Amino acid sequence: MTDDTTTDTDREHRTDDRDVATDGGTETATDGGSEPKTDGSGTGIVPPDDEVPTWRERKERRQGLARLTYEYFERSRREDEDLRRESTYLDRDVLAFPTWPHETVRNLALASFFTGMIIFLSAALPPHIDAPADPSSTPAVILPDWYLYWSFGLLKLGPLNPDLTILGGDKLMADRTYGVMANVVVVGIIAMVPFLNKGSARRPVEQPFWAAVGVSGVVFAFTISVLSVKNLIPIPEHLLLDLTFLLPVVAAIIAYPVLKAMREGYMYDLNRRYYRLRPPK
Amino acid sequence: MADEFIKGLGILTGAGLGWMVLAGWYNTPEFEGAQLTAPNPGTVGAFGEPALLLKEGLFWFAILGALAFWILIPAAQQARERLAE
């Protein structure tokens, strides 16, 4: 009985000690604690301001990469603080969200949304189901799957195949050969891009020119796909062909100055700090 | 500003979805032809008339709503800020 009482009392004392150490109230408790806190962060998620060294105090005497990292975090913390101060939203001092319930509820919401959208679309707009295929006759409309429309569109570039005077108005190659060569050209250009630009930019604003090139490529992928289904598009054929090659250029011409202008913004300054941390090119 | 963007995007996508469904019902006579953009059918019945009206309304709501939240309201706010200075 007596031993038990003693043990209980000891445990209580130890618990008290640990509580004091966690609170960080006194110097002796922190020094004599069973778990020394070498990182100076304390146990709470958000350390109280009065007992923990600030980022500045912690990193001030460091050099090199650690100092750059510190500068980045200090800068982003300041920006975040300023933004929070002028924002009208509720202030929440959290460093991350727990998986349950926050992330799970969010993922359930997203999954429910997309499942519901699939059900809604399949119910409201049931897909066209044609008569069973007749293997002995070619259908009027032949199309690959939608993600290959761009390649199919390149096969329809016959109007660009020049009639050469030197050949007496004949074409150097058949339209179908020309379309296949167009595929080679497009794939070749795409294969060359990584050799021209390494792609070290993390945001389009960092390299507006290459971002504009990318925009024109995406737009061209779309317009050439539209060209492949030109029989379904209520636009005259020659106009559609012109738009196929004009719209990517127009999109690039718009994207470049827009991205240039966006470099003035807040995020760009923050990112410029950030990619000083990267290894040199 | 992010609020105005998501309001405009929500209107554009939500109303656009409604327009797409109704246009798929009433303005897509066949697969191999103009889809969503065919002229309105002649006789649509008692449910079709308000549906076509709703389709027109959703179409302009999608365009004008996005235009309002992305261009008109931010422009008005900036103009007010400039005037206040």
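Biologist: What pattern does chain A follow, read along the sequence?

Modeller: Chain A runs α-α-α-α-α-α-β-β-α-α-α-α, with 10 helices and 2 strands. Helices (H or I, at least four residues) and strands (E, at least two) are DSSP runs, numbered from the N terminus. Bear in mind that this is a predicted model: local features need pLDDT of at least 70, side-chain atom pairs count only at pLDDT 80 or more, and totals for chains, interfaces and linings use all residues. Residues are numbered from 1 along each chain as its sequence is written, and chains are lettered from A and ligands numbered from 1 in the order in which they are written.

Biologist: What is the mean pLDDT of chain A?

Modeller: pLDDT is the predictor's confidence in each residue, from 0 to 100. The mean for chain A is 76, and 66% of its residues reach 70 or more. Over residues 1-33 of chain A, though, the pLDDT is below 50, and this stretch has 11 contacts beyond near neighbours in sequence. Two residues are in contact if their C-beta atoms, placed from the backbone, lie within 7 Å.

Biologist: Why is Val205(A) called buried?

Modeller: A residue is buried if 20 or more other C-beta atoms lie within 10 Å of its own, exposed if 12 or fewer, and partly exposed in between, with C-beta atoms placed from the backbone. Val205(A) has 20 other C-beta atoms within 10 Å, so Val205(A) counts as buried. This residue sits in the loop between helix H7 (175-196) and helix H8 (208-228) of chain A.

Biologist: Where does H9(A) bend?

Modeller: H9(A) bends by about 30° at Thr244(A), and Pro248(A) follows within four residues. The bend at a residue is the angle between axes fitted to the seven residues ending there and the seven starting there. Thr244(A), Pro248(A), Ala255(A) and Leu259(A) are buried in H9(A), and what covers the buried residues of this helix includes H8 of chain A.

Biologist: Over to chain B. What makes up the largest nonpolar core?

Modeller: A nonpolar core is a set of buried Ala, Val, Leu, Ile, Met, Phe, Trp, Tyr and Cys residues joined through C-beta atoms within 7 Å. The largest has 9 residues, including Ile11(B), Trp19(B), Leu58(B) and Phe69(B). H1 and H2 of chain B are the elements that give two or more residues to this core, and H1(B) gives the most, with 5 residues. Apart from it lies another core, of 6 residues, among them Ala211(A) and Ala255(A).

Biologist: How many helices and strands are there in chain B?

Modeller: Chain B has 2 helices and 0 strands. Helix H1 (residues 2-26) of chain B reaches 36 Å from its first C-alpha to its last, close to the 36 Å expected. What covers its buried residues includes helix H2 (45-84) of chain B.

Biologist: How many residues of chain A are in contact with chain B?

Modeller: 7 residues of chain A are in contact with 7 residues of chain B. The chain A side has 6 nonpolar, 1 polar and no charged residues. Ala, Val, Leu, Ile, Met, Phe, Trp, Tyr, Cys and Pro count as nonpolar, Asp, Glu, Lys and Arg as charged, and the others, Gly among them, as polar.

How values were computed
The expected span of a helix is 1.5 Å times one less than its number of residues.
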